[in-house]
Amino acid sequence: MTATTRTSQANPVLAALGLVIRNAGFYLLLCTIAFIDLFPFIWILLSSFKTQLEIFRWPPTFFPENFVWDNYADALALLPAGQQPVSDIPYGLTNSVVISLISTVLILVLGALAGYAFGRLRFPGRRVLLISLMMLRMLPGIVLSVPLFILATRVNLFDTRAVLVITYTAFNLPFAVWLLSVFFQEIPRELEDAALVDGCTRASVLPRIYLPLSLPALATIAILSFLATWNEFLFAVTLTSSKTAKTTPVALASMQAAFQTRWAVMTAGAVLASVPVLLLLFFAQRYIVRGLTFGAVKG
Amino acid sequence: MSPNMSLQSKPASQRASTPWDAWRDWVRSHSEMLLGYSFVAPALLVVGAVMVYPILFNLNIATRKWDWSTPFDAPKPFVGMANFADLIASDRFVNSLKVSLLLVLFALLVEYILGLGLALILNRQFRGRRIFRTIFILPMVLAPIIVGIQWRYLLSGNFGIINYVMFQLGVDPPAFLSDPKYGLPILVLVDSWMYVPFVSLILLAGLQQIPQEVQEAAEVDGAGSLARFWNITLPLLGSSTAIVLLLRGTEIFRTFDVVYVLTGGGPGRSTEVLGILLYRIAFGEGNFGMAAALAVIISILGMVIGGLFLRFIRTETRLF
């Protein structure tokens, strides 16, 4: 077909070799970077199968000498009845799942409603409101930690799952509203007009026309919101205090506060907490990249 | 209140004859506006309760003596700007400001240079693009807490693999986590580890928008590769650069999670960034008044930093 195919037909081994050498430096560099990116997590993963004794051994071992699952059993508190769980990780995982899922659903519902209004409906003040939302997006969370702590205590929401759900919803809404309003604006207006002629109301074109056409945008928001709430630490540590509401990152960080860090259980907990993140990274990478670079690339 | 309360219309002569009819007509003619407000209301309510009201409440706290010495329900005495004055005069505020600004400066520098280099390398077609991209994104999507734990584990003086490797290479490893000298460099290292791939992703998208013809024309005119990079690639990357510096600059300025687990602000106060200082003042010492004052200062500084980037680097994006 082309010149390359002909040369490879003439001498396939030599052609392949040339290609390998030309690309070797490039791939060597890529692999080095990939190694640097991967190694810290691989090291944690390997350590999670070691005993606490082996973790503290010098010189350190690379592969676990005795491959043990105990750390995972401890982290998940699969202990004989009557014994105290080793850590708060089991509670943390439960709380994290509940809080992240509810927050994500709320962000999607409220974000779609507001995104449609800002993107497609005319009403006085919509520009000012949208710009205000965008400015709030730049606000560092730490700035609100003190008033939120005091307010949460006053309304008896301190150390509940609800306070984290509400807080996470608010902090992730500006991005969701903005992304969806931009996305909705790009959907041809004629579709909506046709639906209105066919008897849809202005309220029902949102679920019937806009949402089905916006599944990629909704998926992006859902995945990024889930990741953000799953990984969030600042509000989780300032607005909760006990196992009734603390999330996995807080459970992990609090293990470090003890006078001797139980690395073995902690590494297992870190791996467990990363499982949903890794699954999303492998199966929904497209959406993550789109979301992270949205706006930055669009401009 | 619902815009489609009554769908049966009356003859025109009877319309607006009573206040009720006038109201209904008004609702019908303003249905788009009413629908708009009712659709944005839930989102604005949540954002208002969690973000807007607390901002105002924070200003109130900042002007009061509000700490653990006063009972929870007791009224807190108004002290004007005393919290601000005390804070600005304190050594640790000056220290934290310095640490935060140095972190922003050095982390941005490292991330931009390495990110640009990586973007230039990746700006070609190659096999395995997807798998490498997946790996490069991993550090960014892991929980910052877990990133902190990872690096604390790697850098540990007693059993850390990095120390061990340095020993094997015949280098005497420094006490990474207990020598104040290494505090800031380690934060720069870990932040770069997390975000160099992100920076390169944005810059790569910018590189791919540069028309090939421009580069070729310059090449025909005899411009060397360095001259082309300096006079074409970099200037045309202007808006990507602006975005990336703005996003990363403001993000680095608010760093909290990684520092919390990795160094906790130490050794000494070498990594006590503004966020950690606020956390310590508020939840360690219980001085909410002063912490609220610091929050106001952090917000203003954050806006100034964002504004500076926007001002110095010309950009025509629709974004901000």
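How far apart are the end C-alpha atoms of helix α2 (residues 12-47) of chain A, and what distance would a straight helix reach? The legends below, which describe a predicted model, begin with that helix.

**View 1. Helix α2 of chain A falls short of the span of a straight helix.** Although helix α2 (residues 12-47) of chain A has 36 residues, its end C-alpha atoms are only 45 Å apart, whereas a straight helix would reach 52 Å at 1.5 Å a residue. Within α2(A) there is a kink of about 45°, and this kink is centred on Ala24(A).

**View 2. Buried residues of α2(A) and the elements that cover them.** The buried residues in α2(A) are Leu30(A), Ile33(A), Asp37(A), Pro40(A), Ile44(A) and Ser47(A). An α-helix has 3.6 residues a turn, so residues three or four places apart point the same way. The cover over the buried residues of α2(A) includes, from chain A, α3 (52-55) and α14 (263-283), and it also includes, from chain B, α5 (129-141) and α6 (144-155).

**View 3. The side of chain B that touches chain A.** To the contact between the chains, chain B contributes 72 residues and chain A contributes 77 residues. On the side of chain B that touches chain A, the most is given by helix α2 (residues 31-62) of chain B, which supplies 19 residues. By residue class, this side of chain B divides into 55 nonpolar, 13 polar and 4 charged residues.

**View 4. The fold of chain B, with 14 helices and 0 strands.** Along the sequence, chain B reads as α-α-α-α-α-α-α-α-α-α-α-α-α-α. Chain B is more spread out than a compact globule, because its radius of gyration is 28 Å, well over the 20 Å that the globule rule gives for 320 residues. The C-alpha trace of chain B spans about 95 × 70 × 35 Å along its principal axes. Of the 320 residues of chain B, 37% count as buried, and among the contacts in chain B with a separation of 6 or more, 71% are accounted for by residues 24 or more positions apart.

**View 5. Confidence along chain A.** The mean pLDDT of chain A is 86, with 91% of its residues reaching 70 or more. Confidence in chain A is lowest in helix α1 (residues 3-10) of chain A, where the mean is 50, and highest in helix α12 (residues 234-239) of chain A, at 95. Over residues 1-8 of chain A, pLDDT stays under 50, and the model has 3 contacts beyond four places in sequence for this stretch.

How values were computed: Residues numbered from 1 in each chain as written. Chains lettered and ligands numbered in written order. Predicted model: local features only at pLDDT ≥ 70, side-chain atom pairs only at ≥ 80, totals over all residues. Helix = DSSP H or I, 4+ residues; strand = E, 2+ residues; numbered from the N terminus. Rg over C-alpha atoms; globule rule 2.2 N^0.38 Å. Buried ≥ 20, exposed ≤ 12 C-beta atoms within 10 Å, placed from the backbone. Contact = placed C-beta atoms within 7 Å. Nonpolar A, V, L, I, M, F, W, Y, C, P; charged D, E, K, R; others polar. pLDDT = per-residue confidence, 0-100. Expected span 1.5 Å × (residues − 1). Bend = angle between axes of the 7 residues up to and from the residue.
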